Amino acid sequence: MLPGGADGNGHLPRPRRPRRAGAGGLGVGTPNGQASSAAQPHPLAPPCTDYDVAYFKAYSHIGVHEEMLKDHARTSTYRNAIMHHQDLISGKVVLDVGCGTGVLSIFCAFAGAARVYAVDASDIAFQAMEIVRENELSDKVVVLHGRIEDVNIEEKVDVIVSEWMGYMLLYESMLGSVIFARDKWLKPGGLILPSHASLYMAPITNSQRYHDSIYFWRDVYGIKMSSMMPIAKQCAFMEPSVETISGENVLTWPTVVAQVDCYTIQAPELETISAAFKFTSMLNAPLHGFAFWFDVEFNGPVRQKPKKQATQSMDGSTQNASPSSKKKKQDVSIVLSTAPEDAPTHWQQTLLYLFEPIELNKDQNIEGSVTISQSQQHARFLNICLKYFTGEQWYVKESVMR
C-alpha cells in the first residue's frame, strides 16, 4: 500500500513495501556513482504520472527495504536461484530491474557476472551506489537512477533479474517494466529470474478476524455499539486486506487463477485476467472470504521446444504435457511460495472478505468467476470482481486494491 492510505483493515499502514516499478525519469548514474544528465523517455514507454512519482518516492523509505531484506524466504531464495544458475551468469551481462538497495545485483556479481546494470527510479539508488562502493564492486555494478523505460544501456544483456511481484502477484504492475526490458535488451535465449509465476485462490474461513473487527462492537466496556457494525464492515472489508492466514483457514484445494511465463508474456495480457472456479468445501464452516497467493519459479531458458508441452493460459485452463516435455533433473525449479502453509513472507496473503459470512456444509460447492484488471484510474491499482454461486444464490464482490 502507498504511504498515507488505509489498509484493508481500516488501519493506517506501517511503512511497508508499496512495490517498485522501474522508476521515473530522474537521471542516470555512472559507474563511479555520480548522477549524469536526465534520461530521455523511450517513445514507447508509458508516461510517468503523479501516481508513479508518489510510488517511486515511497521506495526511498529505508523501512520498505529493511522489510524486504529481512524476508528470509524471499532474499535467500533469490540468492540460491542466482547461484543455481551461476553457469549462465558467470562472465555475462546482467540487468537488475528495480534494484532497490542492489542486493540482487551484488548476488549476481558474486556469481561471477562480468557487468551488472542495477536500475531503480527511487532515490534508494543513491544508497545502492554507496553499497556497491562499500563492497568494492564499482568495476562490475553500474547503478542507473531512472525508470527502466527511460535509461540508456548501450549493450544487450544475457540475464534479467527482478523482484517484481506485488501483493496478489500483480499489484503495482511492475511486470510490465520487466517485459519492456526483456523486449529491448535481452539477448535471444537469455535468462530471466524468476521465469514463471502462478496466482492461486481459495475460499477461507476466519472467525477470529470477524470477532476482532466486527463483533467487537456488540459490547464495548459494557456499552452497546452494534450501530457501528455496518461502518466497521465497510472499513474492514471494502478493500482487499494483506494479512497472514494459515492452512487451517483454507476450506478447499486452491485453483490457479493465472500463470505467467516471463519469457513469452506480453503486457496487454496483464490488463485483464479472468478465470472460472469451482470449489467443494472440505468442512462445515462459515465462508468469510477468498484468499489469493502466488509462487514463482526460477527456471532456465527453454533451449529446445518439445513437440508437445504443458501450457496454461491466463484463464487457468490446462493442456496435458507429453512425457518429452518433463524437466530434466538438472532443471528442477527453485520455487518461492507465499502459500498459507509455507514459511511466511512479507507478501503474506491477500484476502477479500465478505460483508456477511455464508454458512457452508461439507461437500457444498462454490462456483463462479474472478476477473482482475488494471484500474483505469491508475494502472498500478487492481480492480477485482468476484461472482460466485452457492446455496442456490448468486453473490458479487467488487473491490479495488490501491
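Buried residues make up 54% of the chain, which has 402 residues. Keep in mind that this is a predicted model. The secondary structure amounts to nine helices and 17 strands. Now the contacts. Take those with a separation of 6 or more: 79% of them join residues 24 or more positions apart. As for the surface, the chain exposes about 18,500 Å². Carbon and sulfur atoms supply 53% of that area.

Next, a sheet. What is the strand order in the open sheet of five strands? It runs β3-β2-β1-β4-β5, and the pairing is parallel. The edges are β3, residues 141-145, and β5, and each of these pairs on one side only. Neighbouring strands are turned against each other by 20 degrees on average, direction ignored.

Let me go into the β1 and β4 pair. These two strands are joined by four bridges, in the parallel sense.

Start with α5, residues 103-110. Helix α5 packs on the sheet and touches β1, β2, β3 and β4. Here β2 covers residues 115-120. The direction of α5 makes about 175 degrees with that of β2.

Then α7. This helix also packs on the sheet, and it touches β1, β4 and β5. Its direction makes about 150 degrees with that of β5.

Stay with α7 for a moment. Why can we call this helix largely enclosed by the rest of the structure? Because eight of its eleven residues, 175-185, are buried, and buried means under 20% relative accessible area. The buried set is L175, S177, V178, I179, F180, A181, R182 and W185. And what covers them? The cover includes β1 at 93-97, β4 at 157-162, β5 at 186-193 and β8 at 255-261. Of these, β1, β4 and β5 belong to the five-stranded sheet.

Last stop, the surface. Which residues make the nonpolar patch of about 360 Å²? W253, M282 and L283 make it. M282 sits in the loop between β9, residues 272-280, and β10, residues 285-297. Is M282 buried, exposed or partly exposed? Its relative accessible area is 38%, so M282 counts as partly exposed; the class lies between the 20% and 50% cut-offs.

How values were computed:
Residues numbered from 1 in each chain as written. Predicted model: local features only at pLDDT ≥ 70, side-chain atom pairs only at ≥ 80, totals over all residues. Heavy atoms only, no water. Buried < 20%, exposed > 50% of the residue type's maximum accessible area, 1.4 Å probe, protein only. Contact = heavy atoms within 4.5 Å. Pairing = 2+ DSSP bridges. Axes fitted to C-alpha atoms, helices over the stretch in contact; angles between N-to-C directions. Patch = residues over 30% accessible without salt bridge, like charges linked within 9 Å, V, L, I, M, F, W, Y side chains within 5 Å. Areas by Shrake-Rupley, 256 points an atom, 1.4 Å probe, with all protein chains shown as cover. Salt bridge = Lys/Arg side-chain N within 4 Å of Asp/Glu carboxyl O.
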